[in-house]
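Visitor: I would like to go through this model with you, beginning with the chain as a whole and then turning to particular contacts.

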Amino acid sequence: MQAVASRGRCSTATLYRQWQGKPKLVVAALQHQRIQPVPAELDAHTGSLREALREMVRRVSRAAPPEHQFVAGLSHAFLGDPEPATAMHEQFTKPAAEIPKRIVDRAAARGEISPDNPAREFCHIMLVALGLTRPVLDGEEADEAYMLRLVDAVLLPSLRHPAPAES
């Protein structure tokens, strides 16, 4: 808060009076900046599930790792605070999740994958979650090569696998 106050040429008391604390200040900053780690034009239609997912990964990987680190840090910081967690969801995770969902929906509409494949539900979660958690779990960034391997080794086989019969 002191750094923000210095940069804004005001006192920390002014910041606390205006925003009642760090979480609300961060929410206001997110809403003002409309920072999006996933470029809006990323929803490229390539005509192929594999190529669309790979193009999405390429673009996200090149977008800027600092934004990914920023989102990961804020996500962790807001785990117990519903207001900034909701803002994070609306500003970052929801838009990021919509792109792979649309890619997978188009593949199902083309008949490339089964519309009732249960893996569809998890595709966006795997992409976003692994991108954000690999540095914590493996100590390495989820770079383009890693995410492309994820698409080919995990996502595509699970999306192309026939849905299991009900038992």
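Visitor: What percentage of the residues of the chain count as buried?
Guide: The model is a predicted one, and a residue counts as buried when its relative accessible area is under 20%. Applied to the 167 residues of the chain, this cut-off gives a buried share of 32%.

Visitor: How many helices and how many strands does the secondary structure of the chain come to?
Guide: Read from the N terminus on, the elements run α-α-α-α-α-α-α-α. The count for the chain is accordingly zero strands and eight helices.

Visitor: At what angle do helix α6 and helix α7 pack?
Guide: Helix α6 covers residues 82-109 and helix α7 residues 120-138, and their axes lie 9 Å apart. The crossing of the two is right-handed, and the angle at which they pack is about 145°.

Visitor: How do the residues of the contact of α6 with α7 divide into nonpolar, polar and charged?
Guide: On the α6 side the contact is made by A96, A97, P100, K101, V104, D105 and A108, while α7 brings R120, C123, H124, L127 and V128. Sorted by type, the residues of this contact come to three charged, one polar and eight nonpolar.

Visitor: Which residue has a side chain joined to that of E55 by a polar contact of 2.7 Å?
Guide: E55 is found in helix α4, which spans residues 49-63. Its C-alpha atom is separated by 9.2 Å from that of L148, a residue 93 positions away along the chain. The polar contact of 2.7 Å, however, joins the side chain of E55 to that of R59.

Note on methods
Residues are numbered from 1 along each chain as its sequence is written. This is a predicted model: local features need pLDDT of at least 70, side-chain atom pairs count only at pLDDT 80 or more; totals for chains, interfaces and linings use all residues. Side-chain values use heavy atoms; hydrogens and water are left out. Axes are lines fitted to C-alpha atoms, for helices over the stretch in contact, and angles run from 0 to 180 degrees between N-to-C directions. Helices (H or I, at least four residues) and strands (E, at least two) are DSSP runs, numbered from the N terminus. A crossing is left-handed if the near helix is turned anticlockwise from the far one by less than a right angle, and right-handed if clockwise. Contact means heavy atoms within 4.5 Å. Ala, Val, Leu, Ile, Met, Phe, Trp, Tyr, Cys and Pro count as nonpolar, Asp, Glu, Lys and Arg as charged, and the others, Gly among them, as polar. A polar contact is a pair of N or O atoms within 3.5 Å; within protein, one must be able to donate a hydrogen and the other to accept it, and residues adjacent in sequence count only if both atoms are side-chain atoms. Buried means under 20% relative accessible area, exposed over 50%, partly exposed in between (1.4 Å probe, protein chains only).
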